Amino acid sequence: MCGIVGIVATSEVAPALYDGLTVLQHRGQDAAGIATAVGTNLRVHKGNGLVRDVFDAKSMALLEGRVGIAHCRYPTAGSEGSDEAQPFYVNSPYGIALAHNGNLINTDALRREVFEEDRRNINTESDSEVLLNVFAHELDRERTLSPEAAFKAIEGVNRRAKGGYAAVATVLGLGLVAFRDAHGIRPLVLGRRQTETGTEYAVASESVALDILGFEHLRDVEPGEGIVITARGELHHRACAEPGTHAPCIFEYVYFARPDSMIENISVHKARMRMGVTLGEKILRDRPDHDIDVVIPIPDTSRDSAMEIAGVLGVKYREGFIKNRYVGRTFIMPGQGERAKSVRRKLNPIPLEFRNRVVLLVDDSIVRGTTSRQIVQMARDAGAKKVYLASAAPPVRHPNIYGIDMPSVDELVAHGRSEQEIQELLGCDWLIYQDLADLETAVAGHKFPGKVFDSSCFSGEYVTGIEPGYFERLQQLRSDEAKRKRRVAT
């Protein structure tokens, strides 16, 4: 999962791109980069680390131009070195820089095609660089530079690339290009603002970036749609793929997106509140005579759900953990060892809220289980009589292959285990999971009944289909052990 921003403005865009990245920092803390177009030159600065660490006054001064893109990286495909930081760029044709959120599931085949047929070289293990070269080749075939040529190139990308992706690119001599996969798995929104000097446009992974930058949220980019915004600020858009099942990623609502974002016209905040209502109702069905004294969220993402659960159950809601704001999100730490060490650095309990109480801890989801196990023990050490654990999402039993780091089934605590076995492994007195049907209903709300989502990490049903042997290859590439070996090798 990554964050992307693209802006066409009537003044220098680098400061706005920087601000947009800081708002999307929750989507990736591994690396960051900005590319701008000025005249016939691409200016690129990128590196490992948080946005604030990658850029300084000197690097920002070099990023001239009124068209630009930005990226913050969370590693799923590829290695973890500085070479993987985005945007990537190629000199031919014209000069193109591209940033990508998501994951291609036919990267190996595309890499061979790009080398053997397109006669282009890929320098990294990143599927984003593959995507860039596919787009560059398809644009080069058009032998002209125009919005129409860009749409034709996006059509070519959509025919060849398979997976979940949202991308922004700057093309010298044209402007900004953005596109989204045919199923709309990865999010992308379009915004506009009026200034004294003209109309400006932006695209971003989440609407909160548009809000902070003062852009009006126009709409989501449609699945398979291409967007071209010329350097003069002219907006063009067109469907660039055959219509397919529209299936936005439900894990955006569960965990990744900020609560103040709108995705597919659904408030993330409201979706999480509805998750709490449905989960609270399940608790009452299963244990109408429950002995819960207090509901405590595991900060931050579960707060909306936990407050609603407390309301449904008629018990107290309390903040029982203090979070260190200077430690990143443990889910997107690059290795299991780093995730485990970060839990104690990140959270500290308030014993007063636990002592001699039956506590219901609420988390947004339980993926690997390591964090949950440590937090349950923290609650016991703080004096809780009993510790119950509720997950606002169903058991994560399958890999997510569209851009979220759940690749190896061996790392998923729920894979191949019953809920009773998971409960024993996590050390809690009672474990409650959300039902998948309730989760999908909660996210859709009353405005979008029956809406389809990509819920593959819960259901094992993949909207793109999967080729034989894919999961085995993926586990070899992206398990924590494979990542550890790559870090040692570099």
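**Strands, helices and salt bridges**

Modeller: Strand β2 (residues 31-38) and strand β3 (residues 41-48) run antiparallel and are joined by eight bridges. Strands (E, at least two residues) and helices (H or I, at least four) are DSSP runs numbered from the N terminus, and two strands pair if DSSP finds at least two bridges between them. This is a predicted model, in which local features need pLDDT of at least 70 and side-chain atom pairs count only at pLDDT 80 or more, while totals for chains, interfaces and linings use all residues. Residues are numbered from 1 along each chain as its sequence is written, and side-chain values use heavy atoms, with hydrogens and water left out.

Colleague: Which residue in β3 is the bridge partner of Ala37?

Modeller: Strands of a sheet pair through backbone hydrogen bonds, either parallel or antiparallel. Here the partner of Ala37 is Leu42. The two strands form a hairpin with two residues between them, and Gly39 in the turn has a positive phi of about 60 degrees.

Colleague: What is the order of the strands in the open sheet of six?

Modeller: The order is β5-β6-β7-β8-β12-β13, with antiparallel pairing. At the edges are β5 (88-90) and β13 (235-239), each of which pairs on one side only. Within this sheet, β6 (residues 96-104) and β7 (residues 163-171) pair over nine bridges, and Asn101 stands opposite Ala166 in β7. Helix α6 (residues 147-160) packs on the sheet and touches β7, β8 (175-180), β12 (225-230) and β13; contact means heavy atoms within 4.5 Å.

Colleague: How many salt bridges are there?

Modeller: A salt bridge is a side-chain nitrogen of Lys or Arg within 4 Å of a carboxyl oxygen of Asp or Glu. By this rule the count is 29. One of them joins Asp30 to Arg73, with the closest N and O atoms 2.9 Å apart. Asp30 lies in the loop between α1 (14-23) and β2, and Arg73 in strand β4 (residues 67-73), so the pair ties together parts that are 43 residues apart in sequence.

Colleague: Is Asp30 buried or exposed?

Modeller: Buried means under 20% relative accessible area, exposed over 50%, and partly exposed in between (1.4 Å probe, protein chains only). Asp30 counts as buried at 17% relative accessibility, and Arg73 counts as buried at 3%. Another salt bridge pairs Asp291 with Lys386, where the closest N and O atoms are 3.1 Å apart. Asp291 is partly exposed at 32%, and Lys386 is partly exposed at 33%.

How values were computed
Axes are lines fitted to C-alpha atoms, for helices over the stretch in contact, and angles run from 0 to 180 degrees between N-to-C directions.
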